[in-house]
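Work through the exercises below with the sequence and the structure at hand. Each task is followed by a solution in steps.

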Amino acid sequence: MYDAIAHYLTHLIYGYYPYLAGTVFLLGSLLRFDHGQYTWKTGSSQMLSSKNMRLGSNLFHIGIIVIFFGHLVGMLTPHWVYEPFLHAGTKQLVAIVVGGIAGAMCVVGGAMLLYRRLANPRVKASSSMMDTLILGLIVLQACLGMVTIIFSLGHMDGEMMLTLSSWAQSIVFFSGGAADYMQEVSWIYKLHIFIGLTIILLFPFSRLVHVWSVPFGYVTRRYQLVRRRPKRA
C-alpha cells in the first residue's frame with residue numbers, strides 16, 4: 001500500500017506537476033503582461049531604507065543568476081555533448097564548487113533581504129504577502145541546494161547528476177517516463193526539485209516577473225545626444 005502511494009505521488013509530482021507549473025508560468029506571465037502592466041515592476045524599497053540593501057541585493061542577484069544559468073546548462077545539456085572531454089564526476093565537482101560559492105552568496109544576500117523585509121517597519125508595511133513568501137521560498141531553496149552538496153560529496157561518480165539531468169531533459173523535451181528517473185532519488189533532491197517547481201508556479205503572481213524585462217536593449221541602442229539649452233541673447 002505504501003509503495004503504491006509513493007509511486008503515485010512520484011508520478012504526480014515529478015511527472016505531471018512540472019507541466020502544470022510550466023503552463024501557469026508561461027500563460028500567467030503573458031496574461032499579467034497583457035492585463036496588469038502597472039504591476040510589472042520590481043517594487044524596489046531602496047528609497048524606504050538603504051541600509052545593507054546594496055550588499056544584500058548584489059550578493060543575492062549575482063548568486064541566483066549564476067545558479068540559474070548553471071542549472072540551465074548543466075541539467076539540459078545532453079551527456080553525449082561533453083562526454084568526450086569532460087567526465088561526469090568532473091562536471092559534478094565543478095558544479096559543487098561553483099554552485100557552492102554562488103549558493104552561499106544567494107543564501108547570505110537573500111537572508112539579509114528577508115530580514116530587512118521582516119524587521120524594518122517601513123519596508124514591511126510596503127511589502128505584500130507574496131513578496132515575503134517568494135523571497136522566503138528562494139532562500140529556502142538556496143539552503144536546500146547547499147544541503148544537496150553534502151549529499152553529492154558521498155557519490156562523486158556523477159551518476160546522480162546524470163539521473164537528475166535525464167529527468168529534466170525528459171520533462172523539457174517531452175520524452176515521457178520522466179518520473180521513473182526519480183524513483184530511487186534521495187529525498188533531499190526530490191524536495192529541492194519540488195520547491196523549485198513551486199517557485200516557477202508562483203512566478204507570474206510575484207515581483208519575479210520583472211525578470212522578463214531585462215534591459216538588453218540598452219546594450220545595443222544608439223547613444224542619446226544631450227545638448228545644453230542655448231543661452232538667450
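A residue counts as buried when its relative accessible area is under 20%, and as exposed when that area is over 50%. The model used here is a predicted one.

**Exercise 1. State which secondary structure elements the protein chain contains and how much of the chain is buried.**

Step 1. List the elements: the protein chain has nine helices and zero strands. Read from the N terminus, the order is therefore α-α-α-α-α-α-α-α-α.

Step 2. Turn to burial: of the 233 residues in the protein chain, 37% are buried.

Step 3. Look at contacts between residues at least 6 apart in sequence: 82% of them join residues at least 24 apart.

**Exercise 2. Find the salt bridge of the structure and decide whether arginine 207 is buried or exposed.**

Step 1. The structure holds one salt bridge. Its partners are arginine 207 and aspartate 131, whose closest N and O atoms are 3.0 Å apart.

Step 2. Apply the cut-off: arginine 207 has a relative accessible area of 19%, so it is buried. Aspartate 131, with a relative accessible area of 11%, is buried because that value is also under 20%.

**Exercise 3. Describe the largest nonpolar core and name the residues that touch the most other members.**

Step 1. The largest nonpolar core has 37 residues. Those touching the most other members are Leu164, Trp167, Met182, Ile193 and Ile199.

Step 2. Trace where the core comes from: at least two residues each are supplied by α1 (2-35), α2 (53-76), α4 (88-119), α6, α7 (159-172) and α8. The largest share, eight residues, belongs to α8.

Step 3. Take leucine 164 from the list: beyond four places in sequence, leucine 164 touches Met75, Met182, Val185, Tyr189 and Ile193.

**Exercise 4. Where does methionine 182 lie, and which residues does it touch, not counting those up to four places away in sequence?**

Step 1. Methionine 182 is found in the loop between α7 and α8. Its relative accessibility is 0%, so methionine 182 counts as buried.

Step 2. With residues up to four places away left out, methionine 182 touches Thr10, Tyr14, Leu164, Trp167, Lys190 and Ile193.

Step 3. Follow one of these contacts: threonine 10 is 172 residues away along the chain, yet its C-alpha atom and that of methionine 182 are separated by 7.1 Å.

**Exercise 5. Work out how α4 and α7 are arranged, and which residues make the contact.**

Step 1. The axes of the helices α4 and α7 come within 8 Å and cross at roughly 85°.

Step 2. Angles of 65 to 115 degrees count as roughly perpendicular, and α4 and α7 are therefore roughly perpendicular to each other.

Step 3. On the α4 side the contact is made by Ala88, Lys91, Gln92 and Ala95, and on the α7 side by Met161, Leu162 and Ser165.

Step 4. Examine serine 165, which lies in helix α7. At 4% relative accessibility, serine 165 counts as buried. Apart from neighbours within four places in sequence, serine 165 is in contact with Gly74, Met75 and Lys91.

Conventions
Residues numbered from 1 in each chain as written. Predicted model: local features only at pLDDT ≥ 70, side-chain atom pairs only at ≥ 80, totals over all residues. Heavy atoms only, no water. Salt bridge = Lys/Arg side-chain N within 4 Å of Asp/Glu carboxyl O. Buried < 20%, exposed > 50% of the residue type's maximum accessible area, 1.4 Å probe, protein only. Core = buried A, V, L, I, M, F, W, Y, C linked by side-chain atoms within 4.5 Å. Contact = heavy atoms within 4.5 Å. Axes fitted to C-alpha atoms, helices over the stretch in contact; angles between N-to-C directions. Parallel < 35°, antiparallel > 145°, perpendicular 65-115°, else oblique.
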